[in-house]
Amino acid sequence: MSFSEQQILFQHKNLYSFFLEREVAISIFLPLDYNPSVTYPLLLFNDGQDFEALHMHEILTRMQVENRMAPVLVAGIHAGQERIFEYGTAMMPDYAGRGSKAQATTSFVTDELLPYLKEHFHIKSSGITYAGFSLGGLMALDMAWNHSGLFSKAGIFSGALWWRQKALHEGYSDADRIMHAQIRNTASKPALKIWFQCGSLDEYDDRDNDGVIDSIQDTLECISELERKGFVWQKDVFYTEVELGEHNQKTWSAVLPEFLQWAFGKENR
């Protein structure tokens, strides 16, 4: 059956979160030819409200019809009006207090969303893949890093890895980057595989004037921290740099098939 004759099914759910104290919208794409008696892998995305701009439905359908990825249930968590506070690192907010509700988001995912999905769909209870864009990418990495018993893979598109304890004008040094420090200070290597993406036009800021934009520098230096922790390049940690790629849904949509094939392609089944 051709791509034009098949479409994966879409559902929209609203789930009240006691941790976030609001109703959270969830966009859910069922696996192709969904069978309620089959147990499927789960892919979580932050910023599910951007799925339409990312062409998520079309990309998931095409890749499963063409057998380029395994059938998978995809759930997109819609950000709320306080996204800048609900996404971040659970261990601490940044220097401006942003991310102060990241622990509440973590609790929502682990204690409310995942039990809901397991109750209503046949999904695997571990080995979950978590991905996100920009600040949502940082949140996905933080979540997977601290809950590797639940998550086995993380995808970080243009991750906000600049997240820091001090402002640039307050004596900032690279040691103040929160995610980098968290990786550095973790006692043992979590059982994770992590995929990073950056665009060469993600931004124009270059705080140390070394000719490398901050988003790329922060990502590559995050990977270096992972390597020092025991992660192996092209085995545990992967990096894609998009020439002329920008910090927007157009670029992320263009590279989305690569990520999906990395996470759920035939070689990973």
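This is a predicted model, and I will start with a pair of helices. Helix 6 and helix 7 pack with their axes 9 Å apart, at an angle of about 10°. Angles under 35 degrees count as roughly parallel, so helix 6 is roughly parallel to helix 7. On the helix 6 side, the contact is made by His-180, Ile-183 and Arg-184. On the helix 7 side, the residues are Asp-218, Glu-221, Cys-222, Glu-225 and Leu-226.

Let me stay with helix 7. Helix 7 runs over residues 214-228, which is 15 residues. From first C-alpha to last it reaches 21 Å, close to the 21 Å expected at 1.5 Å a residue.

Asp-218 brings us to the salt bridges. A search of the whole structure finds 15 of them. One joins Arg-177 to Asp-218, with the closest N and O atoms 2.9 Å apart. This pair links distant parts of the chain, 41 residues apart: Arg-177 sits in the loop between strand 6 (151-157) and helix 6, and Asp-218 in helix 7. Are these two residues buried or exposed? Both Arg-177 and Asp-218 are buried. They also belong to a network of salt bridges that links Asp-174, Arg-177, Arg-207, Asp-214, Asp-218 and Glu-221.

Now for Arg-62. Arg-62 forms a salt bridge with Glu-58, and the closest N and O atoms are 4.0 Å apart. Both residues lie in helix 2 (residues 56-65), four residues apart, or about one turn of the helix. Arg-62 also meets Glu-66 in a salt bridge, at 3.7 Å from N to O. As a general point, side chains of opposite charge can pair when their charged atoms come close.

Next, the nonpolar interior. In soluble globular proteins, nonpolar side chains tend to be buried together. In this model the largest nonpolar core has 53 residues, and Leu-44, Leu-117 and Phe-196 touch the most other members. Which residues does Leu-117 touch, not counting those up to four places away in sequence? They are Ile-28, Leu-42, Leu-44, Ala-75 and Ile-123. There is also a second, separate core of 27 residues, which includes Leu-32, Ile-59, Met-63 and Leu-260.

Helix 5 has twelve residues, and its end C-alpha atoms are 17 Å apart, in agreement with the 16 Å it should span at 1.5 Å a residue. How many of its twelve residues are buried? Eleven are, so helix 5 is mostly covered. Among the buried ones are Leu-135, Gly-136, Gly-137, Met-143 and Trp-145.

Ser-134 lies in the loop between strand 5 (128-133) and helix 5. Ser-134 has a positive phi of about 60°, although it is not a glycine. Most residues other than glycine have a negative phi. Buried means under 20% relative accessible area, so Ser-134 counts as buried at 16%. Leu-244 also has a positive phi, about 65°, and is not a glycine either. Leu-244 is placed in strand 8. At 57% relative accessibility, Leu-244 counts as exposed, because the cut-off for exposed is over 50%.

Two loop residues remain. Asp-236 is found in the loop between helix 7 and strand 8. Asp-236 is buried, with a relative accessible area of 9%. Leaving aside neighbours within four places in sequence, Asp-236 is in contact with Lys-189, Leu-192, Lys-193, Ile-194, Gly-230 and Phe-231.

Glu-82 is partly exposed, with a relative accessible area of 35%. How far apart in space are Glu-82 and Lys-101? From C-alpha to C-alpha they are 8.8 Å apart, and in sequence they are 19 residues apart.

That is what I had to show.

Definitions and conventions. Residues numbered from 1 in each chain as written. Predicted model: local features only at pLDDT ≥ 70, side-chain atom pairs only at ≥ 80, totals over all residues. Heavy atoms only, no water. Expected span 1.5 Å × (residues − 1). Salt bridge = Lys/Arg side-chain N within 4 Å of Asp/Glu carboxyl O. Buried < 20%, exposed > 50% of the residue type's maximum accessible area, 1.4 Å probe, protein only. Core = buried A, V, L, I, M, F, W, Y, C linked by side-chain atoms within 4.5 Å. Contact = heavy atoms within 4.5 Å. Axes fitted to C-alpha atoms, helices over the stretch in contact; angles between N-to-C directions. Parallel < 35°, antiparallel > 145°, perpendicular 65-115°, else oblique.
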